[in-house]
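Hello,

Here is the structure I promised to pass on to you. Have a look at it first, and then read on for my notes.

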Amino acid sequence: MEEMQKAQSSHLDFMKEQAEIQRNRRRLLDNACADIPPDDEIPMYTKRHIYVVDQYKIAYCFVPKVGCSNWKRILMVLNGDRDSVDGLTSNEVHLHAKMKFLSDYDEDQQEQILKKYHWFFFVREPIKRALSVYRNKFENYEYFLSNKYFHRFGKEMIKKWRKNPSKEALESGANATWPEFVDYLTHPDEREKVEKDTHFSDHWREMYKICSPCTVNYDFIGKLETVQTDAKYLLKTWGVEGKVSYLSSDTSRPTNSSSHATYDKYFGKLGKQELTRLWDLYKPDYALFNYTKPEIIP
C-alpha cells in the first residue's frame, strides 16, 4: 500500500510539474505573439500540416525535423492503421499514413475540431533544425540522389550561389555546400522561384509559419530538447501511455546536429553577414518558443 501511495504521489507531482511548464511556455508564446498579428483564420498552409485523429480527438501540427516521424507512428496506431509503433520505418510513416489533414474537413467540422480536440505541436532550436535539414537532405549524398524531390533546391543553390559551377553540378544539384544552403535560405525572393508547393520546402520553413501558434490556441507546446518528458506527459494526459510509446531518435534519420562539435564545425564556415541573415530569418521562432540567441551570432 505504501509503495502504491508513493507511486501515485510521484505521478501527481510529475503531472503538476509538467502542467506548470506548459503554462510557462504558453505565457511566453502569448507575450511574443504581441509582435506577430494573428491571421483572421487558420492559413491553408497550416491546415495541410495538421493531422487529425477523430477517435482520440487529437490535432497535431507536424514540423519536419522535429521528431515528427515518431509522432506520426503514434498517431497511426491511435488511428487504427497499425497495431504497434514498433517496426514502422520512416518511409512507411511518411508515405502510408492514412490520417486526415484538417484541410480534408468542411468548415463546420474544422470549427468543432478547433474547439473540442487536443491540439499540440513540437519545436526545436531553430538554427540547429536548419543544420539538421542540410545534413540529412543535401550533405547525405546517397539520400539526396534517391530523393528527387530535393534536386530542384540543390540545383537552385548551386546555380545561384556557386562561382563557376560545373555542368554536372548544375544538372544534378548534388553536393550543395552548407554556405550555399544558408545563402539560399536567407534570400526569400530567390526561394519563391522554386518553392511552389507545400511539401519539402517546409523542412526549413520557419516553425511559426508552419503551425501558426499566434492564430491557433494549442493545448500543448513540446520541445525536441525535452521530448522524453514531454511525450510521457502528453501520452498520460491522453490516457494512452499503455497503448503507444515515443521511440528513440534511432528509429528516424538522426544527424546529431545539436552536438557542440558539429555545431561549431558548420557555423565556423559562415561569415558574419551569413550568420546575421540566418538569425534574422529565424528570430521570430527564437522569440516565440523561448530559445536563447546562439553565441556565434554577431
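How many disulfides does a search of the whole structure find? It finds two. Please keep in mind as you read that this is a predicted model.

**The cysteines**

Cys33 sits in the loop between helix H1 (2-32) and helix H2 (44-47), while Cys214 sits in the loop between helix H12 (207-211) and S5, so the bond ties together parts that are 181 residues apart in sequence. Cys33 and Cys214 are buried.

The other disulfide joins Cys61 to Cys211, at an S to S distance of 2.0 Å. The link of Cys61 and Cys211 is left-handed, with -95 degrees about the S-S bond. Since Cys61 belongs to strand S2 and Cys211 to helix H12, this pair ties together parts that are 150 residues apart in sequence. Cys61 and Cys211 are both buried. Counting the bonded cysteines along the chain, the disulfides follow the pattern 1-4, 2-3.

Cys68 is buried, with a relative accessible area of 6%.

Five strands make up an open sheet in the order S3-S1-S2-S4-S5, with mixed pairing. At its edges stand strand S3 (100-101) and strand S5 (220-223), each with a single partner strand, so one side of each has no neighbour in the sheet. Further in, strand S2 (residues 58-61) pairs with strand S4 (residues 118-123) in the parallel sense, over four bridges. Ile58 stands opposite His118 in S4.

Helix H3 (residues 68-78) packs on this sheet and touches strand S1 (50-53), S2 and S4, its direction making about 160 degrees with that of S2. Of the 11 residues of H3, 11 are buried, so the helix is largely enclosed by the rest of the structure. Among them are Cys68, Trp71, Lys72 and Arg73. The partners that the buried residues of H3 pack against are S1, S2, helix H4 (90-96), S4 and helix H13 (227-238). Just after H3 comes Gly80, with a positive phi of about 85 degrees.

**Aromatic rings**

Searching the whole structure gives 34 aromatic pairs. In one of them, the rings of Phe122 and Phe220 have centres 5.8 Å apart and planes at 45 degrees, so the pair is tilted. Phe122 is in strand S4 and Phe220 in strand S5, so the pair ties together parts that are 98 residues apart in sequence. Phe122 and Phe220 are both buried.

The rings of Phe181 and Trp204 have centres 5.9 Å apart and planes at 85 degrees, so that pair is edge-to-face. Phe181 comes from helix H10 (residues 178-185), and Trp204 from the loop between helix H11 (188-191) and H12, so the parts tied together are 23 residues apart in sequence. Phe181 counts as buried at 0% relative accessibility, and Trp204 is buried with a relative accessible area of 0%.

Charges also sit over rings. The charged end of Lys72 is over the ring of Phe62, 4.2 Å from its centre. Lys223 lies over the face of Tyr291, at 4.3 Å from the ring centre.

Best wishes

Technical notes:
Residues are numbered from 1 along each chain as its sequence is written. This is a predicted model: local features need pLDDT of at least 70, side-chain atom pairs count only at pLDDT 80 or more; totals for chains, interfaces and linings use all residues. Side-chain values use heavy atoms; hydrogens and water are left out. Two strands pair if DSSP finds at least two bridges between them. Helices (H or I, at least four residues) and strands (E, at least two) are DSSP runs, numbered from the N terminus. Contact means heavy atoms within 4.5 Å. Axes are lines fitted to C-alpha atoms, for helices over the stretch in contact, and angles run from 0 to 180 degrees between N-to-C directions. A disulfide is a pair of cysteine sulfur atoms within 2.5 Å. Buried means under 20% relative accessible area, exposed over 50%, partly exposed in between (1.4 Å probe, protein chains only). Rings of Phe, Tyr and Trp (its six-membered ring) pair if their centres lie within 6.5 Å; planes under 30 degrees apart count as stacked, over 60 as edge-to-face and the rest as tilted. A charge sits over a ring if NZ of Lys or CZ of Arg is within 6 Å of the ring centre and within 35 degrees of the ring normal.
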